[in-house]
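Okay, everyone, thanks for coming.

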Amino acid sequence: MRRRRWQSMTLLPLGLALIAGCGSSSPAATSTRDAAKLADRRLDGALRAFVARTDGPPAIAVVVQRGAKAPVFHSFGTAIVGSKQPVRLGDHVRVASVAKAFSGATALATVKSGRLELSSTVGAVLPTLPSAWHAVTLTQLLQHTSGIPDFSKSLAFRDALVASLQTPPTPVALLAYAGDALSFPPGSKYEYSNSDNVVAALMVEAATGQSYATALADSVTRPFGLTETTLPSDSAIPTPTVHGYDLAPPKPPEDVTNLYAAGWTFASGGVVSTPADANRFVRAYARGDETDPAAHRAQFRFVDGHSEPPGPGANTAGLAIFRYRTRCGVVYGHTGNTPGYTQFIAASSDGKASTSVSINAQITPTTNAAGFRALRHIFELAVCASAA
């Protein structure tokens, strides 16, 4: 059995550390610390057991942040199979469909600037896209109620991807794999679609006159202080890197870190970030730092629908954000999975309690039902630890 590594770091501000060493703590403070320690121990136990599974990932890393305190980082396993290197806070991962939260933040920032409205339609902003899509609004795109089919479910898309893994098409060419017709009238039902966030990003480009990557940097990553978050178009990933793996036990894990260019998913899944940046992002995003109060209120109107893969507890869908009702309270965030990686981010509505979960394997309800149940339990334990 592979040797497992454990790392847990709590970085306290100096002033708080000095205060903690002076005098006796109040019963309430002691109780709070004890609850946090218990929640961390429960989380650590689940993480240790998860990487020890025969179908578990090589590594799992969880950031837990409580209020203004520094993040607590839990890391088990190895970032690179064959090494003893643990995942660290600043290591880079593919965040998969968590990229949709980043595209939502960019679109909502463009609404704040007045260059888009939530009621802006595809036809008004992108008239060259199929006419059947023209009545779809930005709200419907961000809430996955547009009716635009998911390009990634097309057999033609999958054949093209396999044939040209390192040379992605343009975003408009990606959308061509969705076909021209809608799956249902806009606004009539929820159906998760990777096409929605690609269209939303193209609307941002048309409204701002910038590339989506530039708009993302100008309106989200730099204002939020995300120094290690990028949207590459190729298959490269910055160092230090958490390698991603395909699991098919009893075969050894297969390294798929650079399997295909990120441009094949663009704004729907191409973002690269770190556990530290992902946690920092979701705190600001749940608070609505990128947009105005009216748009933020609209973002937090929810319909039936769950993220892909499902998050903890009962899921409902807002605008590029999901509400997760867990046994430890309500949080808001997103999940994602792609070959080699699975991700979860969540925060309370005020951004004060947050978590980010990263694993270096793709584990889904369809590919590994038992493994995903264990992972979804970890999502909830991470939420509980952030609320302790």
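Let's begin with strand β8, residues 303-304, and strand β9, residues 314-317: they run antiparallel and are joined by two bridges. Helices and strands here are DSSP runs numbered from the N terminus, with at least four residues of H or I for a helix and at least two of E for a strand. Two strands count as paired if DSSP finds at least two bridges between them. If you want to find this spot on screen, look for Val 303, which stands opposite Ala 317 in β9.

Before I go on, a word on what you're looking at: this is a predicted model, where local features need pLDDT of at least 70, side-chain atom pairs count only at pLDDT 80 or more, and totals for chains, interfaces and linings use all residues. Residues are numbered from 1 along each chain as its sequence is written, and side-chain values use heavy atoms, with hydrogens and water left out.

Next along is β10 with β11. β10 covers residues 322-326, and its antiparallel pairing with β11 has five bridges. A hairpin with two residues connects them, and Thr 326 has Gly 329 in β11 as its bridge partner.

Then β11 pairs with β12, residues 341-347, antiparallel over seven bridges. Thr 335 faces Phe 344 in β12. This is a hairpin too, with two residues between the strands, and Gly 340 in the turn has a positive phi of about 95°.

Buried means under 20% relative accessible area, exposed means over 50%, and partly exposed is in between, using a 1.4 Å probe and protein chains only.

While we're here, have a look at Cys 328, in the loop between β10 and β11. Cys 328 is partly exposed, at 29% relative accessible area. Setting aside neighbours within four places in sequence, Cys 328 is in contact with Cys 384 and Ala 387; contact means heavy atoms within 4.5 Å. For a sense of distance, Cys 328 and Ser 113 are 36 Å apart, C-alpha to C-alpha, and 215 residues apart in sequence.

Most residues other than glycine have a negative phi, and most peptide bonds are trans. Which residue is joined to Pro 240 by a cis peptide bond? That's Thr 239, with omega at about -5°. You'll find Pro 240 in the loop between α9 (212-221) and β5 (245-246). There's also a cis bond from Pro 249 to Pro 250, with omega near 10°, and Pro 250 is in the loop between β5 and β6 (254-255).

On the phi side, take Ala 96: its phi is positive, near 55°, and it isn't a glycine. Ala 96 lies in the loop between β4 (93-94) and α3 (99-112), and it is buried, at 2% relative accessible area. His 144 has a positive phi as well, about 60°. His 144 is in the loop between α5 (138-142) and α6 (155-163). Buried or exposed? His 144 is buried, with a relative accessible area of 3%.

Okay, zooming out. The chain has twelve helices and 13 strands. Its radius of gyration is 21 Å, close to the 21 Å that the globule rule gives for 388 residues, so the chain is as compact as a globular protein of that length. That radius is taken over C-alpha atoms, and the rule is 2.2 Å times the number of residues to the power 0.38. Along the principal axes, the C-alpha trace spans about 70 × 50 × 35 Å.

Of the 388 residues, 56% count as buried. And of the contacts between residues at least 6 apart in sequence, 69% join residues at least 24 apart. That's my tour, so over to you.
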